[in-house]
Amino acid sequence: MQFLISLHINPAVLDALTDEEKAAIGAGHGTFIEGLKKSGELITTQALVDPSQAAVVSVRNGQPVVTDGPFLESKEYVGGFYLIDCENKERAIELAAQIPDAAIEGLGVEVRQVMFADGQLEA
Amino acid sequence: MTAPVIEDLLRELTPQVLGALVRRHGQFEGCEDAVQEAVLAATVQWPAQGLPDNPRGWLVTVASRRLIDQIRSDHARRERESATVTEVVPEDVPGTDDTLVLLFLCCHPALTAASQTALTLRAVGGLTTAEIARAFLVPEATMAARISRAKQRIKDAGSSFSLPDGAEREERLRVVLHVLYLIFNEGYTASSGSELHRADLARDAIRLARMVHAQLPEDGEVTGLLALMLLTHARRQARTTAAGDLVPLDEQDRTKWDRGLIDEGIKLVKASLAGPALGPYLLQAAIAATHADAATAGETNWPQVHALYLILERIAPNPMVTLNRAIALAETEGPLAGLALLSTLDSDERMAGHHRLLSVRAHLLEKTGETAAAYEHYRRAAKSTASIAEQRYLESRASRVRTSE
């Protein structure tokens, strides 16, 4: 079963962390990725640029209109994700709990099963 | 010789060659890698240069050389002094079938089901890592890591290359059958992406089940599982429309069912039902055989289906079985009786919010004429499923009850 574990980031919460705490998060993700690779559960993981860099695209009267993002007026934004393939939802949740963000108040770690997939997985 | 013929031959020979190698050298994990490399070499060389006189001997020789190269380079890495390894190519031992021993090893209880499945397909099924990765829609690197981790676990568990005895053998065989069942289902319930590769998994599972059945023809559960696969696979052409929409059993065009597979399945079931023990696979096969026996949905022997589910519920209690029994009960005693049985599942945590419970309830509510409630349940079921095909089907049922209001 494939799951998307999305990481919802609150920039204000991240900014309030000490350098040590930030470094610990980075190291925690590194360890997590290594573990997923070894167990054969990682499909891919990506992190996104700051939401202030987002462009919102819409088409009106057949013309594309581009405005500065982000689209959602929210405190939290998708900062990145893990796409994994594992035994079942319980395992996906167990893995999500290993992500350092899960232990930090104000950061969200969300697990959703993949329903449809297509396209090359190999880069 | 064409590529598909060579492919079939390689898949058949893989477990034999691997068995011969492990018998000679031990170390399953190293042998398995060597055989995989030999098979890849054959895929390249045989179509171009023609089939060798003794394909099995060729594979054993090439795999043995790879293994010895591997041992040498490991040695060289560990201790730089000259290590002497004599090149011994194992004797070809025709007549010994190591399929079962290999299956028991691949379905080792220390592994997760996903790892058991992947390793079984590679070591016994003769599929390449790339093929398995495609079938499960994951990158090849992910699948390669999973397989190598699985082999490491087996090594750590210190397994020997032999069949376990008595009760342990019985227990391990159940795991093997479960893994084959999972492989079959993975192919059968193809719902996204490269469906073609996944349909192949159902065929691979049948091929593996045939191998086990050839070794253990007297085992009722082995026979039952093979029959269940054949009877289910027989419906594949009728199960979906050309557009990929699901067709429920009672609406399938039964002339599209594969009679050859059905006859074989029914024959297996009949022969085993007379046997000493009734297991869950055999009972499920008997239920599938009962459906296959009916020329039209209206001619289905529902009392027999219900009776078989009752026995299944008794020997292997499971909410999914009760759910299926409710469908049969609704056919024999009316939808209200079916709904009453479903309500016993409401307190079962395993079924809470499960799309199958929602969709069966929707179906029975529709039959009682409670269209508003049926609509609600179809919609909730559609939201709960992770299968696109199922979701489309449930949405279409929801629209249908709404327009019939």
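Colleague: How much accessible surface does chain A have, and what share of it belongs to carbon and sulfur atoms?

Modeller: The accessible surface of chain A comes to about 7,800 Å², and 55% of that area belongs to carbon and sulfur atoms. Such areas come from the Shrake-Rupley method with a 1.4 Å probe, and for residues only the protein chains shown count as cover. Chain B exposes about 18,800 Å², of which carbon and sulfur atoms supply 52%. This is a predicted model, in which local features need pLDDT of at least 70 and side-chain atom pairs count only at pLDDT 80 or more, while totals for chains, interfaces and linings use all residues; side-chain values use heavy atoms, without hydrogens and water. Residues are numbered from 1 along each chain as its sequence is written, and chains are lettered from A and ligands numbered from 1 in the order in which they are written.

Colleague: What pLDDT does chain A average, and where in chain A is confidence lowest and highest?

Modeller: pLDDT is the predictor's confidence in each residue, from 0 to 100. Chain A averages 92, and 97% of its residues score at least 70. Confidence in chain A is lowest in helix α1 (residues 11–15), at a mean of 90, and highest in strand β6 (residues 108–113), at 97.

Colleague: How many helices and strands does chain A have, and how many does chain B have?

Modeller: Helices (H or I, at least four residues) and strands (E, at least two) are DSSP runs, numbered from the N terminus. Chain A has 3 helices and 6 strands, arranged along the sequence as β-α-α-β-β-β-β-α-β. Chain B, by contrast, has 19 helices and 0 strands. Along the principal axes, the C-alpha atoms of chain A fill a box of roughly 50 × 40 × 25 Å, and those of chain B one of roughly 85 × 45 × 45 Å.

Colleague: What percentage of the residues in chain A is buried?

Modeller: Buried means under 20% relative accessible area, exposed over 50%, and partly exposed in between (1.4 Å probe, protein chains only). Of the 123 residues in chain A, 32% are buried; of the 405 in chain B, 49% are.

Colleague: How many residues of α13(B) are buried, and what covers them?

Modeller: α13(B) is mostly covered, with 11 of its 14 residues buried, including Y281(B), L282(B) and H291(B). Their cover includes α8, α10 (220–233), α12 (259–273) and α14 (302–315) of chain B. Buried residues of α8(B) include R172(B), V176(B), L180(B) and F184(B).

Colleague: Where is H233(B) placed, is this residue buried or exposed, and which residues does H233(B) touch?

Modeller: H233(B) lies in helix α10 of chain B. With a relative accessible area of 7%, H233(B) is buried. Contact means heavy atoms within 4.5 Å. Not counting residues up to four places away in sequence, H233(B) touches F184(B), A202(B), R203(B), I206(B) and L261(B). F184(B) is itself one of the buried residues of α8(B).
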